[in-house]
Amino acid sequence: MTPVKLYPPKPEKVYFFGTCLIDLFYPDAGLDGIRLLEREGIEVIFPQGQTCCGQPAYTSGYHDEARAVAMAQLDLFPESWPIVVPSGSCSGMMRTHYPQLFAGTEHEAQAKEVAGRIFELTEFLLHVCQLRLEDRGQPEKIAMHTSCSARREMGLGETGPTLLARMGQVELVEQARAAECCGFGGTFAVRHPEVSAAMVEDKTQAIEATGATRFVTSDCGCLMNIAGRFEHQDKAIEGEHIASYLWRRTS
Amino acid sequence: MSSARESVQTYTPREFHRQAHDALGNPQIRANFRRAMDGLMGKRRDVFSDWDLETLRELGASIRLRALAKLPDLLERLEANCQANGIQVHWAENGDEACRIIREICQRHDAKAVIKGKSMVSEEMHLNAHLEEAGIVALESDLGEYLVQLNEQTPSHIIMPAIHLNTDEISDIMHDKTGIERTRDVDYMTAAARAQLRERFMAADVGISGVNFAVAETGTLCLVENEGNGRMTTAVPPVHVAVTGIEKVVEHLRDVPPLYALLTRSATGQHVTTYFNMISSPRKPGEHDGPKEVHLVLVDSGRSNIYQDNELLDTLRCIRCGACMNHCPVYTRVGGHTYGTTYPGPIGSILMPHMMGLEETKDLPTASSLCGACGEVCPVKIPIPDLLVRLRRESVGEGRGNVPGAGVKRTRKEAAAWKGFQWLATHPTAWRSGAALAGKLRALAPSKLGPWTEYRTAPKPAKKSLHELVKRHQAEKAKREERP
């Protein structure tokens with residue numbers, strides 16, 4: 001049976017693991033996530049030594065390389081504060097796959113300990129911060145794409161929509177087959193580009209059909225994929241990381 | 001010639017990319033699969049709506065795991081109890097041996113015509129072709145299999161073999177191959193097929209079926225079906241041969257109802273199937289019907305190799321419901337034939353590499369976005385995404401090396417690229433400098449990134465990395481706090 005997750009009380013400090021995609025392509029989303037946490041009175045520690053969780057190598061089968069990269073992240077969080085990650089897929093990697101990756105090695109206990117402190121950002125904002133949001137934006141109809149890792153691996157299909165429901169001026173519409181993958185899948189999009197393209201094409205059509213003017217997501221892989229497809233077709237629908245959306249409309 | 005007939009071709013996993021390209025460009029295939037998979041997903045969701053599905057899946061998984069934990073012992077008990085019931089048991093190391101055993105049974109009875117119930121294991125070993133070479137005609141009696149056989153194709157789905165065909169295409173096939181009128185009347189076509197098959201049942205010398213669950217403690221073979229052709233196949237001809245993989249054994253009769261409940265709901269969204277057959281012996285003295293001989297052929301075909309590995313072992317839990325393919329966004333778009341294997345979709349991608357080797361099937365484990373939909377719906381909780389990753393490891397030579405063809409995908413170039421990634425991601429100073437440099441040179445970032453930019457705009461590196469933004473943010477904050 002799926003264990004009931006028990007959340008800690010709101011801590012004084014948290015670690016923030018920004019993820020490589022945010023670091024390189026969507027840094028504002030990371031900073032907005034940090035601002036949301038700080039506004040809740042939490043001190044955010046951003047270890048400058050962080051790089052990537054190692055997932056691209058892991059899902060490609062290069063586990064020795066993934067382990068080395070993961071190892072370089074394990075020592076970044078020496079104190080017992082929660083580790084907040086603005087991505088379902090990277091938090092899934094760290095929470096679920098770090099213990100598997102280090103099983104039987106001398107770092108197994110450390111990997112498990114770190115994994116136990118990993119929280120996805122919307123999960124943390126909702127369940128730990130009990131975030132209240134005062135929407136100052138214009139009325140707007142938006143769609144949300146929850147990443148497959150957030151939805152299935154992390155069991156967080158509802159955290160994003162629940163936060164958005166607290167935004168007074170935002171109407172969240174659900175696209176057809178909302179739970180279906182957008183076709184990103186990391187290296188999948190490169191190894192099977194045509195299949196991936198067919199998937200993202202269906203996803204953009206489904207979002208467009210809702211009449212939403214914008215979509216948000218909690219994963220920058222999906223964002224890059226879906227927004228990249230919209231832009232390629234010169235469609236006006238813009239995409240945004242949910243952290244930026246929440247910060248922008250409530251600050 | 002009709003369009004359905006033109007589509008006749010052979011498929012191979014080696015050509016996955018080309019076959020995927022063709023399928024993606026075929027609106028008929030796309031529409032047929034999308035419609036069918038949407039329907040199947042909806043039916044499954046509805047039929048489980050008032051069940052405690054997670055508890056039932058846990059139960060299903062534990063029954064299968066217990067059976068696998070005792071597999072060698074259970075197979076011996078199955079053999080002993082089947083023999084005590086009068087069922088003759090044969091063991092086959094591989095498909096060829098199983099074909100030979102079945103051919104010899106047929107030849108012993110001077111059989112010329114064989115009628116077949118649905119059996120994926122018989123597809124796996126290409127039984128029909130083998131029998132044909134020996135001058136024995138094997139006719140498929142499952143309606144979908146019958147259509148696929150008429151159309152000289154292979155099944156595109158393990159439960160619904162003809163799911164790639166729509167009504168018009170079926171009408172064409174029935175017209176071209178059996179001479180009936182062209183029609184869109186499904187009942188008429190079904191009745192015609194029924195009449196055509198009925199004669200063949202009566203004339204068949206041997207009936208060949210698969211097995212869904214083989215019960216060790218009672219020596220009972222369970223067969224799940226909807227059309228009654230399974231019962232006809234196993235009851236009308238004088239000889240019945242059941243063929244199955246060694247993993248289909250369960251320990252107790254009481255293990256069957258939970259697995260059956262999961263199987264029918266996961267597969268077709270049915271509470272029960274129209275028929276559930278429990279075959280426990282040949283015709284007994286004084287009985288008026290039933291086959292005079294019943295044989296059980298247990299096929300290994302790489303399964304005991306899978307069994308040796310404590311992770312890969314989970315592959316053998318499968319009860320062949322097809323829910324993983326119904327929910328797979330890749331399968332839904334490329335269809336079953338694209339995979340070029342007997343078992344398509346996620347289960348095929350974790351099973352076929354063991355049967356055909358990774359050299360043939362190396363594109364299958366990567367043909368998944370690891371979205372997890374397959375693992376989420378699997379009634380026996382096979383961790384399919386984890387097993388796909390495990391096979392990717394084997395492909396690139398970083399696994400345990402115990403899958404045929406391990407290491408076949410490793411190239412010096414790709415391995416070096418991942419070593420480069422490793423170096424950069426374990427040297428934070430270099431990483432930060434790299435990110436800063438990428439930001440400065442963003443105007444030079446390529447707008448063409450291979451296949452990515454054929455369908456999407458290329459992402460541009462940000463002017464400042466998050467590392468830099470955070471530093472600035474922290475400095476500003478410190479400044480604000482210093483002010484009185």
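**View 1. Helices and strands of chain B.** Chain B of this predicted model holds 24 helices and ten strands; both are DSSP runs numbered from the N terminus, helices being H or I with at least four residues and strands E with at least two. Along the principal axes, the C-alpha atoms of chain B fill a box of roughly 105 × 55 × 50 Å. Of its 484 residues, 49% count as buried, that is, 20 or more other C-beta atoms, placed from the backbone, lie within 10 Å of the residue's own.

**View 2. Parallel strands in chain A.** Strand β7(A) (residues 214-217) runs parallel to β5(A) (residues 140-145), joined by four bridges; strands pair if DSSP finds at least two bridges between them. Four bridges also join β7(A) to the parallel strand β8(A) (residues 238-241). A:R214 has A:E238 as its bridge partner in β8(A). From β7(A) the chain passes through helix α12(A) (residues 220-232) to β8(A) in a right-handed β-α-β crossover: with the strands pointing away from the viewer, the path from the first strand over the helix to the second runs clockwise.

**View 3. Where chain A meets chain B.** Here 56 residues of chain A and 50 of chain B take part in the contact, with C-beta atoms, placed from the backbone, within 7 Å. The largest share of chain A's side, seven residues, comes from α11(A).

**Reading the labels.** Residues are numbered from 1 along each chain as its sequence is written, and chains are lettered from A in the order in which they are written. Local features need pLDDT of at least 70, side-chain atom pairs count only at pLDDT 80 or more, and totals for chains, interfaces and linings use all residues.

Technical notes: Two residues are in contact if their C-beta atoms, placed from the backbone, lie within 7 Å. A residue is buried if 20 or more other C-beta atoms lie within 10 Å of its own, exposed if 12 or fewer, and partly exposed in between; C-beta atoms are placed from the backbone.
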